[in-house]
Amino acid sequence: MHTNTPVWPGFLSATGGTRVRAKYVCSVCSQSILEVPAGAFDEVRLGIAGLTPEEREDIIRVDQSGSVLVISSICDLCLPGFHSNPTSTVH
């Protein structure tokens, strides 16, 4: 699915966001949540502009092809279970 390659500083700026697409994946169940086509986003639209470097390293990866940003999130089905037990990996 994805590698553990962290997003290096300026990745979207360097590529202009035109060659990469973004994919949100649930960190609990691994379900795909949303895919954003290449060139249709920037860091602000993805909601990652305000993240610290450490937060980015925790939730954003680049896939093996180098063309997909994989952003960990929580899907609607897992969210209620996550709120009641944030350290659980199952819902």
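These legends describe close-up views of a predicted model.

**View 1. Salt bridge between E35 and R21.** A search of the whole structure finds two salt bridges. One of them pairs E35 with R21. Their closest N and O atoms lie 2.4 Å apart. The pair links distant parts of the chain. E35 sits in strand β2 (residues 32–36), and R21 in strand β1 (residues 21–26). The two residues are 14 residues apart. E35 is partly exposed, at 43% relative accessible area. R21 is also partly exposed, at 33%.

**View 2. Salt bridge between R56 and E43.** Here the closest N and O atoms are 3.2 Å apart. This pair, too, links distant parts of the chain, 13 residues apart. R56 belongs to helix α3 (residues 53–59). E43 belongs to helix α2 (residues 43–46). R56 has a relative accessible area of 17%, so R56 falls under the 20% limit and counts as buried. E43, at 21%, counts as partly exposed.

View 3. Among the elements of the chain, helix α1 (residues 11–15) has the lowest mean pLDDT, 56. Strand β2 has the highest, 95. The mean pLDDT of the chain is 79. Of its residues, 71% reach 70 or more.

View 4. Where pLDDT is low, predicted coordinates should not be read in detail.

Notes. Residues are numbered from 1 along each chain as its sequence is written. This is a predicted model: local features need pLDDT of at least 70, side-chain atom pairs count only at pLDDT 80 or more; totals for chains, interfaces and linings use all residues. Side-chain values use heavy atoms; hydrogens and water are left out. A salt bridge is a side-chain nitrogen of Lys or Arg within 4 Å of a carboxyl oxygen of Asp or Glu. Helices (H or I, at least four residues) and strands (E, at least two) are DSSP runs, numbered from the N terminus. Buried means under 20% relative accessible area, exposed over 50%, partly exposed in between (1.4 Å probe, protein chains only). pLDDT is the predictor's confidence in each residue, from 0 to 100.
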